[in-house]
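Got the model loaded and a selection tool ready? Let's take a walk through it, one stop at a time.

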Amino acid sequence: MRIIVTGSSGQIGTNLALRLQDVGHEVFGVDKRLNTWTEDFRYLLQDLTFPGGLGDDYPPADLVVHLAAHAKVHELVREPRRALENSIMTFNVLEYCRANGLPLVFSSTREVYGDVHRFDEYGEATADFAFTESPYSASKIASEALIYSYARCYGLRYLVFRFSNVYGRYDNDLSRMVRVIPLFIQRLLRHQPITIYGGSEKTLDFTYVDDCVDGIARGIEALGAGTVVNETINLAYGQGNTLVRAAELIASDMGVEPQISFTPSLLGEVTHYIADIRKAHDLLDWRPQVPLDEGIPQAVAWFREHPEHAADFVGDWVPQETDFKLAVT
Ligand SMILES: NC(=O)c1ccc[n+]([C@@H]2O[C@H](COP(=O)([O-])OP(=O)(O)OC[C@H]3O[C@@H](n4cnc5c(N)ncnc54)[C@H](O)[C@@H]3O)[C@@H](O)[C@H]2O)c1
């Protein structure tokens, strides 16, 4: 297939584009930033919030994967306009799909489930916009809603994937984007203490990037073939791990002793999430292959091989009082 990938300079976009190309698809990326990792696929530098006219320079395509977004939850609490930009990007991409009759794969998030600790595992049907936790979450809920409306009004064919804490290859450009696993790796390598926002019980579902990309690739094939259409699907490992365990696994891989302290959670953040991944298995015959204790050593090895990308992040962001949640609702 000929596949347009937006957000192709980002972590998931870079991994996905290379993977799709490896298996014989033609990839055309779009991003507003240069790709600092690879020159192995074609892409266009374009700001997707630009009003109207997306795609004049795009080659003909069979399917669009829309990954471009401001993807950092707390950053959007501080700068909610970026959440609006996420929704505008989705709108622009949807209009391009509508004009060209193209199916769409969209990258949503576990943040759409909120932080209400209502379920042991979150199945796709448990999302409820009344529990919207943050502007980032709102931007993804709004994007999903637009997609569902385009399916009803204009016959859009889509798959929505909800990811959770994707880590591994191409994620350690910390000066651009601070993510928890690369941040822990960097701090532990420097023998610095770690702060966990959200307490010792904070539990998330970490997904190794190859598992995430494998799920998306299966979705692309199925949507392209018309065998799985108009579905919303969790892609995660399907197991909860505390952030303490993640830090301990990293520390033990490096042979260091972690010093961990705790604070209340930050505004907007989810503090407990474990995905129900049965739908991805049933529809796409997908099963994640890399549990956290196998993924962490690979992530640490990647980080060690590419220290230049993390070199200028000082890692001493100091939250203000207003950055913290007052109470879990
Ligand atoms: N990585 C995760 O753990 C995770 C979890 C849930 C959802 N997601 C979603 O998956 C998608 C990909 O995530 P990622 O981790 O690769 O993020 P990323 O930040 O590494 O990549 C996103 C890319 O979008 C690009 N972008 C942002 N604004 C743009 C604009 N106006 N025009 C063009 N390009 C623009 C950025 O330059 C960046 O390269 C995002 O939509 C994110 O919200 C990611």
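What follows is a tour by selection, from the ligand to a pair of helices and then to some single residues.

Before clicking, note that this is a predicted model, in which local features need pLDDT of at least 70 and side-chain atom pairs count only at pLDDT 80 or more, while totals for chains, interfaces and linings use all residues. Residues are numbered from 1 along each chain as its sequence is written, and side-chain values use heavy atoms, with hydrogens and water left out. Helices (H or I, at least four residues) and strands (E, at least two) are DSSP runs, numbered from the N terminus.

**Stop 1: the ligand**

At Gln-11, a polar backbone atom sits 2.9 Å from a ligand oxygen. Leu-48 puts a backbone N or O atom 2.8 Å from a nitrogen of the ligand, and Leu-67 has a backbone N or O atom 2.8 Å from a ligand oxygen. On its own the ligand has 820 Å² of accessible area, and the protein covers 95% of that. Accessible areas here come from the Shrake-Rupley method with a 1.4 Å probe, and for residues only the protein chains shown count as cover.

**Stop 2: helix H9**

Jump to residues 292–305, which form H9. This 14-residue helix reaches 20 Å from first C-alpha to last, close to the 20 Å expected at 1.5 Å a residue; the expected span is 1.5 Å times one less than the number of residues.

Next, select Leu-292, Gly-295, Ile-296, Ala-299, Val-300, Trp-302 and Phe-303, the buried residues of H9. Buried means under 20% relative accessible area, exposed over 50%, and partly exposed in between (1.4 Å probe, protein chains only). They cover an arc of only 160 degrees around the axis, so they fall on the same side of H9; the arc is that of the directions from the helix axis to the C-beta atoms.

What do they pack against? Show strand S7 (166–167), helix H5 (180–189), strand S10 (207–208), strand S12 (241–242) and helix H7 (243–254). Contact means heavy atoms within 4.5 Å.

**Stop 3: helix H7**

Stay with H7, one of those partners of H9. The twelve residues of H7 should span 16 Å at 1.5 Å a residue, and the end C-alpha atoms are 17 Å apart, which agrees. Its buried residues are Leu-243, Val-244, Ala-246, Ala-247, Leu-249, Ile-250, Ala-251 and Met-254. The elements they pack against include H5, strand S8 (194–197), strand S9 (203–204) and H9. Step off the end and you meet Gly-255, with a positive phi near 75 degrees.

**Stop 4: two buried loop residues**

Centre on Asp-276, in the loop between strand S13 (260–263) and helix H8 (278–284). Is Asp-276 buried or exposed? It counts as buried, at 11% relative accessibility. The side chain of Asp-276 makes a polar contact with that of Arg-278 at 2.6 Å. Beyond four places in sequence, Asp-276 touches Glu-121, Tyr-122, Gly-123, Glu-124 and Asn-234.

Then go to Met-177, in the loop between S7 and H5. Met-177 is buried too, with a relative accessible area of 8%. Not counting residues up to four places away, Met-177 touches Ala-71 and Lys-72.

**Stop 5**

In H4, pick Ala-151, which is buried at 16% relative accessible area. Leaving aside neighbours within four places, Ala-151 is in contact with Leu-156, Tyr-158 and Asn-230. Ala-145, also found in H4, is partly exposed at 43%.

Finish on backbone angles. His-117, in the loop between S5 and H4, has a positive phi near 50 degrees without being a glycine. Asn-165 lies in the loop between strand S6 (158–163) and S7, and its phi is positive as well, near 35 degrees.

Definitions and conventions
Polar contact = N/O pair within 3.5 Å; in protein donor to acceptor, adjacent residues only side chain to side chain.
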